[in-house]
Amino acid sequence: MPSRMIKFLSFYKPYLGLLSLDLFCAFIASGITLILPLCVRHITQNLLGAEAANPIDDIAVMAAIMVSLVAAHTLCSMFVDYQGHMMGAMIESDMRRELFAHYQKLSFSFYDDQKTGQLMSRLTNDLFAISELSHHGPEDLFLGIVKFLGVFVITLSINASLSLIIIAFLPLMFLFSLYFNRKMNRAMRLSKERVAEVNAQVEDSLAGIRVVQSFANEDWEQAKFDEANTRFVESRRLEYKSEGYFYNGMVAFTQVMTVVVVIFGAIAILGAELDLSDLITFLLYVGILIEPIQRLVNFARWYQEGITGFNRLMDILELPPAIQDPADPQSPARVRGQLELQNVSFAYRADSGGVLRDLSLRIGIGEYVALVGASGVGKTTLSALIPRFYEVDAGRICLDSVDIRDYSLRALRRNIGTVDQDVYLFGATVADNIRYGKPEAGEDEIIDAAKKAYAHDFIMALPHGYETEIGQRGIKLSAGQRQRLSIARLFLKDPPLIILDEATSALDNESELVVQQSLEGLISNRSTLVIAHRLSTIRKADRILVLTPAGICEQGSHDELLAADGVYAGLHNLQLER
(Lines give C-alpha, C1' and ligand atoms only; values in the text may rest on other atoms or scores of the structure.)
Protein backbone atom coordinates (compact mmCIF):
# COMPACT_ATOMS: atom_id res chain seq x y z
CA MET A 1 0.00 0.00 0.00
CA PRO A 2 1.43 3.42 -0.94
CA SER A 3 2.79 5.37 2.00
CA ARG A 4 0.36 8.27 1.49
CA MET A 5 -2.64 5.96 1.67
CA ILE A 6 -1.25 4.43 4.87
CA LYS A 7 -0.88 7.96 6.24
CA PHE A 8 -4.46 8.80 5.28
CA LEU A 9 -5.83 5.67 6.96
CA SER A 10 -3.80 6.41 10.10
CA PHE A 11 -6.04 9.43 10.82
CA TYR A 12 -8.92 7.00 11.44
CA LYS A 13 -7.09 5.29 14.30
CA PRO A 14 -8.49 7.44 17.16
CA TYR A 15 -12.00 6.98 15.76
CA LEU A 16 -12.10 3.27 14.93
CA GLY A 17 -14.93 2.70 17.41
CA LEU A 18 -17.01 5.50 15.93
CA LEU A 19 -16.20 4.35 12.39
CA SER A 20 -17.25 0.77 13.19
CA LEU A 21 -20.54 1.94 14.71
CA ASP A 22 -21.11 4.26 11.76
CA LEU A 23 -20.60 1.42 9.26
CA PHE A 24 -22.73 -0.94 11.34
CA CYS A 25 -25.63 1.53 11.29
CA ALA A 26 -25.06 2.02 7.56
CA PHE A 27 -25.19 -1.76 7.10
CA ILE A 28 -28.47 -2.01 9.04
CA ALA A 29 -29.96 0.85 7.00
CA SER A 30 -28.86 -0.83 3.76
CA GLY A 31 -30.32 -4.17 4.86
CA ILE A 32 -33.66 -2.53 5.64
CA THR A 33 -33.67 -0.87 2.22
CA LEU A 34 -33.17 -4.28 0.62
CA ILE A 35 -35.85 -5.97 2.75
CA LEU A 36 -38.67 -3.47 2.06
CA PRO A 37 -39.21 -4.51 -1.61
CA LEU A 38 -39.46 -8.13 -0.45
CA CYS A 39 -42.24 -7.04 1.90
CA VAL A 40 -44.03 -5.46 -1.08
CA ARG A 41 -43.52 -8.70 -3.04
CA HIS A 42 -44.97 -10.69 -0.17
CA ILE A 43 -48.05 -8.45 -0.07
CA THR A 44 -48.67 -8.46 -3.82
CA GLN A 45 -47.93 -12.14 -4.28
CA ASN A 46 -49.39 -13.79 -1.19
CA LEU A 47 -51.76 -11.46 0.63
CA LEU A 48 -53.74 -10.04 -2.30
CA GLY A 49 -54.52 -13.42 -3.80
CA ALA A 50 -57.90 -15.08 -3.56
CA GLU A 51 -56.44 -17.81 -1.37
CA ALA A 52 -55.56 -15.37 1.43
CA ALA A 53 -57.72 -16.17 4.47
CA ASN A 54 -57.48 -12.86 6.37
CA PRO A 55 -55.85 -10.38 3.95
CA ILE A 56 -56.65 -7.28 5.99
CA ASP A 57 -55.09 -8.70 9.15
CA ASP A 58 -52.06 -9.97 7.24
CA ILE A 59 -51.63 -6.60 5.52
CA ALA A 60 -51.85 -4.86 8.92
CA VAL A 61 -49.11 -7.09 10.29
CA MET A 62 -46.88 -6.41 7.27
CA ALA A 63 -47.64 -2.69 7.57
CA ALA A 64 -46.50 -2.74 11.21
CA ILE A 65 -43.34 -4.58 10.25
CA MET A 66 -42.60 -2.13 7.42
CA VAL A 67 -43.23 0.92 9.63
CA SER A 68 -40.88 -0.52 12.25
CA LEU A 69 -38.25 -1.08 9.59
CA VAL A 70 -38.66 2.50 8.33
CA ALA A 71 -38.29 3.84 11.89
CA ALA A 72 -35.12 1.77 12.42
CA HIS A 73 -33.83 2.95 9.04
CA THR A 74 -34.43 6.58 10.01
CA LEU A 75 -32.60 6.25 13.34
CA CYS A 76 -29.62 4.51 11.74
CA SER A 77 -29.49 7.07 8.91
CA MET A 78 -29.59 9.95 11.39
CA PHE A 79 -26.69 8.44 13.32
CA VAL A 80 -24.70 7.93 10.14
CA ASP A 81 -25.39 11.46 8.92
CA TYR A 82 -24.61 13.22 12.22
CA GLN A 83 -21.83 11.13 13.76
CA GLY A 84 -20.26 10.40 10.39
CA HIS A 85 -19.95 14.10 9.65
CA MET A 86 -18.56 14.72 13.13
CA MET A 87 -15.95 12.02 12.57
CA GLY A 88 -14.96 13.74 9.32
CA ALA A 89 -14.76 17.11 11.11
CA MET A 90 -12.53 15.65 13.84
CA ILE A 91 -10.24 14.03 11.29
CA GLU A 92 -10.08 17.36 9.46
CA SER A 93 -9.18 19.03 12.77
CA ASP A 94 -6.41 16.49 13.41
CA MET A 95 -4.98 17.06 9.94
CA ARG A 96 -5.15 20.82 10.35
CA ARG A 97 -3.39 20.57 13.72
CA GLU A 98 -0.61 18.42 12.24
CA LEU A 99 -0.17 20.71 9.24
CA PHE A 100 -0.06 23.84 11.42
CA ALA A 101 2.46 22.18 13.75
CA HIS A 102 4.59 21.32 10.72
CA TYR A 103 4.37 24.91 9.50
CA GLN A 104 5.89 25.95 12.82
CA LYS A 105 8.88 23.68 12.25
CA LEU A 106 9.77 24.79 8.73
CA SER A 107 12.69 27.17 8.45
CA PHE A 108 12.88 30.68 7.04
CA SER A 109 14.25 29.27 3.76
CA PHE A 110 10.89 27.54 3.17
CA TYR A 111 8.85 30.70 3.76
CA ASP A 112 11.18 32.73 1.56
CA ASP A 113 9.68 30.88 -1.45
CA GLN A 114 6.05 30.63 -0.32
CA LYS A 115 2.96 32.81 -0.43
CA THR A 116 0.87 33.04 2.71
CA GLY A 117 -2.38 32.71 0.76
CA GLN A 118 -1.21 29.41 -0.76
CA LEU A 119 -0.35 28.04 2.67
CA MET A 120 -3.68 29.21 4.08
CA SER A 121 -5.54 27.45 1.27
CA ARG A 122 -4.02 24.13 2.30
CA LEU A 123 -5.33 24.69 5.83
CA THR A 124 -8.88 25.56 4.72
CA ASN A 125 -10.16 24.60 1.26
CA ASP A 126 -8.05 21.47 0.84
CA LEU A 127 -8.84 20.12 4.30
CA PHE A 128 -12.58 20.64 3.89
CA ALA A 129 -12.52 18.34 0.86
CA ILE A 130 -10.52 15.80 2.88
CA SER A 131 -13.11 15.98 5.66
CA GLU A 132 -15.88 15.13 3.24
CA LEU A 133 -13.86 12.22 1.85
CA SER A 134 -13.01 10.84 5.30
CA HIS A 135 -16.72 10.74 6.15
CA HIS A 136 -18.45 9.98 2.85
CA GLY A 137 -15.65 7.81 1.48
CA PRO A 138 -15.97 4.71 3.71
CA GLU A 139 -19.73 5.19 4.06
CA ASP A 140 -20.55 5.58 0.36
CA LEU A 141 -18.16 2.84 -0.69
CA PHE A 142 -19.47 0.44 1.97
CA LEU A 143 -23.16 1.18 1.30
CA GLY A 144 -22.65 1.07 -2.45
CA ILE A 145 -21.01 -2.34 -2.36
CA VAL A 146 -23.52 -3.81 0.15
CA LYS A 147 -26.52 -2.62 -1.84
CA PHE A 148 -25.00 -3.69 -5.15
CA LEU A 149 -24.36 -7.20 -3.88
CA GLY A 150 -27.74 -7.38 -2.13
CA VAL A 151 -29.65 -6.25 -5.21
CA PHE A 152 -27.84 -8.74 -7.46
CA VAL A 153 -28.32 -11.69 -5.10
CA ILE A 154 -32.03 -10.95 -4.68
CA THR A 155 -32.73 -10.19 -8.36
CA LEU A 156 -30.83 -13.30 -9.46
CA SER A 157 -33.16 -15.34 -7.28
CA ILE A 158 -36.16 -13.66 -8.92
CA ASN A 159 -35.07 -13.82 -12.56
CA ALA A 160 -31.52 -14.60 -13.67
CA SER A 161 -32.00 -13.37 -17.26
CA LEU A 162 -33.00 -9.85 -16.24
CA SER A 163 -30.17 -9.72 -13.70
CA LEU A 164 -27.63 -10.67 -16.36
CA ILE A 165 -28.90 -7.80 -18.51
CA ILE A 166 -28.04 -5.39 -15.70
CA ILE A 167 -24.65 -7.02 -15.17
CA ALA A 168 -23.91 -6.51 -18.88
CA PHE A 169 -24.01 -2.74 -18.30
CA LEU A 170 -21.33 -2.78 -15.62
CA PRO A 171 -18.17 -3.03 -17.82
CA LEU A 172 -19.36 -0.05 -19.88
CA MET A 173 -20.08 1.92 -16.71
CA PHE A 174 -16.65 1.03 -15.31
CA LEU A 175 -14.78 2.18 -18.43
CA PHE A 176 -16.88 5.35 -18.60
CA SER A 177 -16.22 6.21 -14.94
CA LEU A 178 -12.50 5.42 -15.22
CA TYR A 179 -12.07 7.81 -18.16
CA PHE A 180 -13.93 10.72 -16.58
CA ASN A 181 -12.43 10.11 -13.16
CA ARG A 182 -9.02 10.88 -14.59
CA LYS A 183 -10.32 14.07 -16.21
CA MET A 184 -11.98 15.10 -12.94
CA ASN A 185 -8.78 14.50 -11.00
CA ARG A 186 -6.72 16.75 -13.26
CA ALA A 187 -9.40 19.44 -13.27
CA MET A 188 -9.82 19.41 -9.50
CA ARG A 189 -6.10 19.65 -8.81
CA LEU A 190 -5.86 22.60 -11.19
CA SER A 191 -8.87 24.20 -9.49
CA LYS A 192 -7.26 23.92 -6.04
CA GLU A 193 -4.04 25.43 -7.32
CA ARG A 194 -5.95 28.31 -8.89
CA VAL A 195 -8.03 29.09 -5.80
CA ALA A 196 -4.82 29.09 -3.79
CA GLU A 197 -3.46 31.68 -6.25
CA VAL A 198 -6.57 33.80 -5.65
CA ASN A 199 -6.07 33.54 -1.88
CA ALA A 200 -2.44 34.55 -2.25
CA GLN A 201 -3.39 37.55 -4.40
CA VAL A 202 -6.04 38.69 -1.91
CA GLU A 203 -3.73 38.23 1.09
CA ASP A 204 -0.97 40.21 -0.61
CA SER A 205 -3.28 43.06 -1.64
CA LEU A 206 -5.05 43.36 1.71
CA ALA A 207 -1.83 43.16 3.71
CA GLY A 208 -0.48 46.03 1.64
CA ILE A 209 -3.73 47.99 1.38
CA ARG A 210 -2.14 51.17 2.73
CA VAL A 211 0.53 51.07 0.03
CA VAL A 212 -2.12 50.31 -2.60
CA GLN A 213 -4.24 53.28 -1.62
CA SER A 214 -1.33 55.66 -1.08
CA PHE A 215 -0.18 55.03 -4.67
CA ALA A 216 -3.79 55.05 -5.96
CA ASN A 217 -3.19 51.65 -7.53
CA GLU A 218 -6.59 50.11 -6.76
CA ASP A 219 -7.24 49.55 -10.49
CA TRP A 220 -3.94 47.72 -10.90
CA GLU A 221 -4.69 45.47 -7.93
CA GLN A 222 -8.20 44.87 -9.28
CA ALA A 223 -6.74 43.87 -12.65
CA LYS A 224 -4.35 41.41 -11.00
CA PHE A 225 -7.19 39.96 -8.95
CA ASP A 226 -9.46 39.69 -12.00
CA GLU A 227 -6.75 37.80 -13.89
CA ALA A 228 -6.30 35.28 -11.05
CA ASN A 229 -10.06 35.05 -10.54
CA THR A 230 -10.68 34.41 -14.25
CA ARG A 231 -8.06 31.66 -14.25
CA PHE A 232 -9.84 30.07 -11.30
CA VAL A 233 -13.25 30.27 -13.02
CA GLU A 234 -11.74 28.59 -16.09
CA SER A 235 -10.40 25.75 -13.95
CA ARG A 236 -13.84 25.38 -12.34
CA ARG A 237 -15.41 25.24 -15.79
CA LEU A 238 -13.20 22.31 -16.71
CA GLU A 239 -13.98 20.66 -13.38
CA TYR A 240 -17.76 21.06 -13.67
CA LYS A 241 -17.71 19.98 -17.30
CA SER A 242 -15.97 16.69 -16.55
CA GLU A 243 -18.10 16.20 -13.43
CA GLY A 244 -21.26 16.86 -15.45
CA TYR A 245 -20.32 14.27 -18.07
CA PHE A 246 -19.46 11.78 -15.36
CA TYR A 247 -22.49 12.25 -13.11
CA ASN A 248 -25.15 12.53 -15.81
CA GLY A 249 -23.61 9.72 -17.84
CA MET A 250 -23.92 7.39 -14.85
CA VAL A 251 -27.53 8.48 -14.30
CA ALA A 252 -28.24 7.84 -17.99
CA PHE A 253 -26.90 4.32 -17.65
CA THR A 254 -29.30 3.61 -14.77
CA GLN A 255 -32.25 5.04 -16.67
CA VAL A 256 -31.45 2.92 -19.72
CA MET A 257 -31.27 -0.11 -17.42
CA THR A 258 -34.76 0.69 -16.12
CA VAL A 259 -36.15 0.89 -19.65
CA VAL A 260 -34.47 -2.36 -20.64
CA VAL A 261 -35.83 -4.15 -17.55
CA VAL A 262 -39.37 -2.92 -18.29
CA ILE A 263 -39.19 -4.12 -21.93
CA PHE A 264 -37.67 -7.52 -21.24
CA GLY A 265 -39.81 -7.96 -18.13
CA ALA A 266 -42.97 -7.35 -20.15
CA ILE A 267 -41.82 -9.92 -22.73
CA ALA A 268 -41.11 -12.41 -19.91
CA ILE A 269 -44.65 -11.88 -18.51
CA LEU A 270 -46.14 -12.53 -21.94
CA GLY A 271 -44.09 -15.72 -22.09
CA ALA A 272 -45.30 -16.73 -18.61
CA GLU A 273 -41.70 -16.66 -17.36
CA LEU A 274 -42.40 -13.88 -14.88
CA ASP A 275 -45.47 -12.66 -13.01
CA LEU A 276 -46.44 -9.02 -12.44
CA SER A 277 -45.50 -9.03 -8.74
CA ASP A 278 -41.98 -10.16 -9.63
CA LEU A 279 -41.66 -7.43 -12.26
CA ILE A 280 -42.82 -4.78 -9.74
CA THR A 281 -40.31 -6.10 -7.22
CA PHE A 282 -37.59 -6.16 -9.87
CA LEU A 283 -38.28 -2.54 -10.80
CA LEU A 284 -38.15 -1.55 -7.14
CA TYR A 285 -34.70 -3.10 -6.91
CA VAL A 286 -33.58 -1.35 -10.09
CA GLY A 287 -34.73 1.88 -8.43
CA ILE A 288 -32.71 0.91 -5.35
CA LEU A 289 -29.75 0.15 -7.59
CA ILE A 290 -29.69 3.79 -8.67
CA GLU A 291 -28.83 4.87 -5.11
CA PRO A 292 -25.64 2.75 -4.74
CA ILE A 293 -24.61 3.85 -8.21
CA GLN A 294 -25.06 7.46 -7.15
CA ARG A 295 -23.19 6.73 -3.93
CA LEU A 296 -20.30 5.28 -5.90
CA VAL A 297 -20.45 8.30 -8.19
CA ASN A 298 -20.33 10.53 -5.11
CA PHE A 299 -17.51 8.44 -3.70
CA ALA A 300 -15.55 8.97 -6.91
CA ARG A 301 -16.17 12.74 -6.66
CA TRP A 302 -15.28 12.93 -2.97
CA TYR A 303 -12.28 10.74 -3.59
CA GLN A 304 -10.97 12.94 -6.39
CA GLU A 305 -11.50 16.17 -4.45
CA GLY A 306 -10.28 14.74 -1.15
CA ILE A 307 -7.25 12.90 -2.47
CA THR A 308 -6.24 15.98 -4.44
CA GLY A 309 -6.37 18.03 -1.25
CA PHE A 310 -4.64 15.27 0.70
CA ASN A 311 -1.80 15.12 -1.83
CA ARG A 312 -1.34 18.88 -1.47
CA LEU A 313 -1.34 18.40 2.31
CA MET A 314 1.27 15.65 2.06
CA ASP A 315 3.41 17.76 -0.27
CA ILE A 316 4.00 19.97 2.77
CA LEU A 317 4.05 17.31 5.50
CA GLU A 318 6.67 15.31 3.60
CA LEU A 319 8.98 18.32 3.47
CA PRO A 320 11.55 17.73 6.21
CA PRO A 321 12.41 20.88 8.19
CA ALA A 322 15.74 22.19 6.93
CA ILE A 323 16.76 22.86 10.54
CA GLN A 324 16.09 20.20 13.18
CA ASP A 325 17.17 19.22 16.66
CA PRO A 326 20.22 16.95 16.90
CA ALA A 327 19.80 13.31 17.94
CA ASP A 328 20.87 14.03 21.53
CA PRO A 329 20.35 17.78 22.06
CA GLN A 330 21.63 19.83 24.95
CA SER A 331 18.88 21.83 26.65
CA PRO A 332 20.32 24.16 29.30
CA ALA A 333 17.80 26.31 31.12
CA ARG A 334 20.08 29.33 30.78
CA VAL A 335 23.42 29.92 29.09
CA ARG A 336 26.04 32.47 30.12
CA GLY A 337 26.01 34.26 26.77
CA GLN A 338 29.48 33.85 25.29
CA LEU A 339 29.13 33.88 21.50
CA GLU A 340 31.77 32.94 18.93
CA LEU A 341 31.68 32.65 15.14
CA GLN A 342 34.42 30.51 13.66
CA ASN A 343 35.07 30.88 9.91
CA VAL A 344 31.37 31.16 9.08
CA SER A 345 30.24 31.20 5.44
CA PHE A 346 26.68 31.40 4.16
CA ALA A 347 24.71 31.83 0.92
CA TYR A 348 20.93 31.88 0.56
CA ARG A 349 21.11 29.73 -2.58
CA ALA A 350 23.76 27.35 -3.79
CA ASP A 351 23.83 29.03 -7.20
CA SER A 352 24.14 32.55 -5.79
CA GLY A 353 27.09 34.44 -4.42
CA GLY A 354 27.88 34.01 -0.75
CA VAL A 355 26.63 36.62 1.71
CA LEU A 356 29.19 35.82 4.41
CA ARG A 357 32.61 34.35 3.78
CA ASP A 358 34.96 32.96 6.40
CA LEU A 359 33.67 35.32 9.12
CA SER A 360 35.01 35.06 12.66
CA LEU A 361 34.14 37.14 15.74
CA ARG A 362 33.72 36.73 19.48
CA ILE A 363 31.42 38.32 22.04
CA GLY A 364 32.31 37.78 25.69
CA ILE A 365 29.86 37.30 28.53
CA GLY A 366 28.06 40.59 29.15
CA GLU A 367 29.96 42.36 26.34
CA TYR A 368 28.25 44.98 24.19
CA VAL A 369 29.42 44.63 20.56
CA ALA A 370 28.17 46.64 17.60
CA LEU A 371 28.34 45.60 13.95
CA VAL A 372 28.29 48.22 11.21
CA GLY A 373 28.80 48.20 7.48
CA ALA A 374 27.26 49.05 4.14
CA SER A 375 23.95 47.51 3.04
CA GLY A 376 24.20 43.99 1.66
CA VAL A 377 27.32 42.85 3.51
CA GLY A 378 25.38 40.35 5.63
CA LYS A 379 24.66 42.10 8.93
CA THR A 380 21.01 41.04 9.12
CA THR A 381 21.89 37.61 7.77
CA LEU A 382 24.24 37.17 10.69
CA SER A 383 21.43 37.96 13.15
CA ALA A 384 19.34 35.19 11.55
CA LEU A 385 22.16 32.62 11.65
CA ILE A 386 22.77 32.87 15.40
CA PRO A 387 19.27 31.58 16.41
CA ARG A 388 19.50 29.01 13.56
CA PHE A 389 16.76 30.50 11.43
CA TYR A 390 19.15 29.54 8.63
CA GLU A 391 21.97 27.00 8.74
CA VAL A 392 25.58 28.01 8.10
CA ASP A 393 27.20 26.51 5.00
CA ALA A 394 30.66 26.31 6.53
CA GLY A 395 32.30 27.00 9.88
CA ARG A 396 30.36 27.00 13.11
CA ILE A 397 28.69 29.26 15.66
CA CYS A 398 29.28 28.50 19.32
CA LEU A 399 27.34 29.59 22.39
CA ASP A 400 29.25 29.01 25.63
CA SER A 401 31.81 27.04 23.58
CA VAL A 402 29.09 24.63 22.37
CA ASP A 403 28.13 24.45 18.68
CA ILE A 404 24.61 25.86 18.43
CA ARG A 405 23.67 22.81 16.33
CA ASP A 406 24.17 20.70 19.47
CA TYR A 407 21.45 22.59 21.35
CA SER A 408 17.74 21.89 21.01
CA LEU A 409 16.12 24.65 18.97
CA ARG A 410 13.82 25.51 21.86
CA ALA A 411 16.68 25.86 24.34
CA LEU A 412 18.80 27.88 21.89
CA ARG A 413 16.07 30.33 20.96
CA ARG A 414 14.84 30.61 24.54
CA ASN A 415 18.25 32.03 25.44
CA ILE A 416 18.36 34.55 22.59
CA GLY A 417 16.27 37.69 22.29
CA THR A 418 15.95 39.75 19.11
CA VAL A 419 14.62 43.22 18.42
CA ASP A 420 14.20 44.01 14.73
CA GLN A 421 13.52 47.16 12.81
CA ASP A 422 10.27 45.68 11.50
CA VAL A 423 8.41 44.81 14.71
CA TYR A 424 5.67 42.19 14.48
CA LEU A 425 2.83 42.45 16.98
CA PHE A 426 -0.19 40.16 17.01
CA GLY A 427 -3.78 41.30 16.57
CA ALA A 428 -4.49 40.98 20.30
CA THR A 429 -4.30 43.10 23.45
CA VAL A 430 -1.25 44.94 24.75
CA ALA A 431 -0.97 42.48 27.63
CA ASP A 432 -1.16 39.47 25.30
CA ASN A 433 1.64 40.84 23.14
CA ILE A 434 3.92 41.46 26.12
CA ARG A 435 3.00 38.08 27.62
CA TYR A 436 4.31 36.44 24.44
CA GLY A 437 7.77 36.71 25.99
CA LYS A 438 6.65 34.50 28.87
CA PRO A 439 3.20 32.91 28.40
CA GLU A 440 2.81 32.00 32.07
CA ALA A 441 3.60 35.55 33.27
CA GLY A 442 1.23 37.23 35.70
CA GLU A 443 -0.13 40.78 35.55
CA ASP A 444 2.53 42.20 37.86
CA GLU A 445 5.34 40.77 35.72
CA ILE A 446 3.79 42.23 32.58
CA ILE A 447 3.48 45.68 34.12
CA ASP A 448 7.04 45.52 35.46
CA ALA A 449 8.36 44.60 32.00
CA ALA A 450 6.40 47.47 30.45
CA LYS A 451 7.84 49.93 32.95
CA LYS A 452 11.39 48.77 32.19
CA ALA A 453 10.68 49.33 28.49
CA TYR A 454 9.32 52.85 29.19
CA ALA A 455 5.96 51.66 27.83
CA HIS A 456 3.73 51.75 30.93
CA ASP A 457 2.75 55.42 30.65
CA PHE A 458 1.56 55.30 27.06
CA ILE A 459 -0.19 51.96 27.71
CA MET A 460 -2.19 53.46 30.57
CA ALA A 461 -3.22 56.31 28.25
CA LEU A 462 -4.82 53.82 25.83
CA PRO A 463 -8.63 53.41 25.97
CA HIS A 464 -8.50 50.13 27.91
CA GLY A 465 -4.94 50.16 29.19
CA TYR A 466 -3.27 46.77 28.99
CA GLU A 467 -6.47 45.20 27.60
CA THR A 468 -6.56 47.52 24.57
CA GLU A 469 -6.77 45.70 21.22
CA ILE A 470 -3.96 47.07 19.03
CA GLY A 471 -5.02 45.71 15.62
CA GLN A 472 -3.21 43.47 13.16
CA ARG A 473 0.55 44.04 13.37
CA GLY A 474 -0.13 46.69 16.05
CA ILE A 475 -1.39 49.13 13.45
CA LYS A 476 -3.15 51.28 16.09
CA LEU A 477 0.17 52.16 17.71
CA SER A 478 3.02 54.36 16.57
CA ALA A 479 6.33 52.85 15.44
CA GLY A 480 8.00 53.86 18.70
CA GLN A 481 5.19 52.37 20.78
CA ARG A 482 5.35 49.10 18.86
CA GLN A 483 9.08 48.95 19.38
CA ARG A 484 8.74 49.50 23.13
CA LEU A 485 6.20 46.67 23.36
CA SER A 486 8.64 44.36 21.58
CA ILE A 487 11.32 45.37 24.09
CA ALA A 488 8.90 44.80 27.00
CA ARG A 489 8.28 41.22 25.95
CA LEU A 490 12.05 40.69 25.80
CA PHE A 491 12.35 42.01 29.36
CA LEU A 492 9.79 39.37 30.26
CA LYS A 493 11.67 36.67 28.35
CA ASP A 494 14.93 37.70 30.05
CA PRO A 495 17.44 36.10 27.64
CA PRO A 496 21.19 36.24 28.35
CA LEU A 497 22.02 37.08 24.70
CA ILE A 498 20.42 40.01 22.87
CA ILE A 499 20.52 40.80 19.14
CA LEU A 500 19.36 44.28 18.06
CA ASP A 501 18.94 44.56 14.30
CA GLU A 502 18.71 48.28 13.48
CA ALA A 503 16.05 48.58 16.16
CA THR A 504 15.77 52.38 16.00
CA SER A 505 16.58 53.16 12.38
CA ALA A 506 12.92 53.68 11.39
CA LEU A 507 12.05 55.99 14.32
CA ASP A 508 11.88 59.74 14.60
CA ASN A 509 14.34 61.47 16.94
CA GLU A 510 11.92 61.73 19.88
CA SER A 511 10.84 58.07 19.65
CA GLU A 512 14.43 56.98 19.14
CA LEU A 513 15.48 58.67 22.37
CA VAL A 514 12.81 56.85 24.43
CA VAL A 515 13.44 53.50 22.74
CA GLN A 516 17.19 53.93 23.19
CA GLN A 517 16.64 54.41 26.92
CA SER A 518 14.63 51.20 27.11
CA LEU A 519 17.25 49.34 25.07
CA GLU A 520 20.00 50.47 27.42
CA GLY A 521 18.09 48.93 30.29
CA LEU A 522 17.52 45.73 28.29
CA ILE A 523 21.15 45.13 27.29
CA SER A 524 22.58 45.91 30.72
CA ASN A 525 24.58 42.90 31.97
CA ARG A 526 23.67 40.85 28.88
CA SER A 527 25.81 39.77 25.94
CA THR A 528 24.65 42.03 23.14
CA LEU A 529 25.16 42.23 19.39
CA VAL A 530 23.84 45.45 17.89
CA ILE A 531 23.50 45.84 14.13
CA ALA A 532 23.51 49.59 13.71
CA HIS A 533 22.50 51.96 10.97
CA ARG A 534 22.74 55.15 12.99
CA LEU A 535 26.27 55.22 14.36
CA SER A 536 25.31 57.73 17.03
CA THR A 537 23.40 54.97 18.85
CA ILE A 538 26.45 52.72 19.40
CA ARG A 539 29.01 55.12 20.90
CA LYS A 540 28.82 53.28 24.22
CA ALA A 541 29.60 49.88 22.66
CA ASP A 542 32.56 48.01 24.16
CA ARG A 543 33.67 47.14 20.64
CA ILE A 544 32.52 48.15 17.18
CA LEU A 545 33.15 45.79 14.26
CA VAL A 546 33.18 47.06 10.70
CA LEU A 547 31.94 44.42 8.25
CA THR A 548 32.74 44.51 4.53
CA PRO A 549 32.30 41.87 1.79
CA ALA A 550 35.82 40.74 2.59
CA GLY A 551 35.04 40.28 6.31
CA ILE A 552 35.71 42.36 9.41
CA CYS A 553 38.19 45.05 8.43
CA GLU A 554 38.22 47.16 11.60
CA GLN A 555 37.31 46.85 15.24
CA GLY A 556 37.65 48.99 18.35
CA SER A 557 35.79 51.58 20.39
CA HIS A 558 34.03 54.54 18.78
CA ASP A 559 36.89 56.91 19.61
CA GLU A 560 39.57 54.43 18.50
CA LEU A 561 37.95 53.89 15.11
CA LEU A 562 37.48 57.60 14.52
CA ALA A 563 41.14 58.14 15.34
CA ALA A 564 42.11 55.40 12.88
CA ASP A 565 40.40 57.38 10.10
CA GLY A 566 39.37 54.27 8.21
CA VAL A 567 36.08 52.83 6.94
CA TYR A 568 34.20 53.56 10.16
CA ALA A 569 35.37 57.16 10.22
CA GLY A 570 34.19 57.53 6.62
CA LEU A 571 30.72 56.17 7.48
CA HIS A 572 30.56 58.45 10.51
CA ASN A 573 31.52 61.55 8.55
CA LEU A 574 29.00 60.67 5.83
CA GLN A 575 26.18 60.57 8.38
CA LEU A 576 27.29 63.89 9.88
CA GLU A 577 27.05 65.49 6.44
CA ARG A 578 23.46 64.32 6.14
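Buried, in this tour, means under 20% relative accessible area, exposed means over 50%, and partly exposed lies in between (1.4 Å probe, protein chains only). The model is predicted: local features need pLDDT of at least 70, side-chain atom pairs count only at pLDDT 80 or more, and totals for chains, interfaces and linings use all residues. Residues are numbered from 1 along each chain as its sequence is written, and side-chain values use heavy atoms, with hydrogens and water left out.

**Whole chain**

Begin with the entire protein chain in a cartoon view. Its secondary structure comes to 19 helices and 10 strands; helices (H or I, at least four residues) and strands (E, at least two) are DSSP runs, numbered from the N terminus. Along the principal axes, the C-alpha trace spans about 125 × 55 × 50 Å. The radius of gyration is 35 Å, whereas a compact globule of 578 residues would have one near 25 Å; the radius is taken over C-alpha atoms, and the globule rule is 2.2 Å times the number of residues to the power 0.38. Of the 578 residues, 47% are buried.

**Leu547**

Select Leu547, which is placed in strand β9. Is this residue buried or exposed? Leu547 counts as buried because its relative accessibility is 3%. Contact here means heavy atoms within 4.5 Å. Val567 is 20 residues away from Leu547 in sequence, and their C-alpha atoms are 9.5 Å apart.

**The nonpolar cores**

A nonpolar core is a set of buried Ala, Val, Leu, Ile, Met, Phe, Trp, Tyr and Cys residues joined through side-chain atoms within 4.5 Å. Select Ile434, Ile459, Tyr466, Leu485 and Ile538, the residues with the most contacts inside the largest such core, which has 43 residues. Elements that each supply at least two residues of this core include β3 (368-372), α13 (430-435), β7 (497-501) and β9 (543-548). Helix α16 gives the most, with 6 residues.

Now centre on Ile434. Apart from neighbours within four places in sequence, Ile434 touches Ile446, Ala449, Ala450, Ile459, Tyr466, Leu485, Ala488, Arg489 and Leu492. A second, separate core has 32 residues, among them Val355, Leu382, Tyr390 and Ile499.

Move to Thr308 in helix α10 (residues 276-317). Thr308 is buried, with a relative accessible area of 1%. Beyond four places in sequence, its contacts are Asn185, Met188, Arg189, Lys192 and Tyr303.

Next, select helix α5 (residues 116-123), where 6 of the 8 residues are buried. These are Gly117, Gln118, Leu119, Ser121, Arg122 and Leu123.

Most residues other than glycine have a negative phi. Asp358, in strand β2 (residues 356-363), has a positive phi near 55 degrees. Asp358 counts as exposed, at 51% relative accessibility.

Finish at Tyr454, in the loop between α14 and α15. Tyr454 is not a glycine, yet its phi is positive, at about 55 degrees. With a relative accessible area of 43%, Tyr454 is partly exposed.
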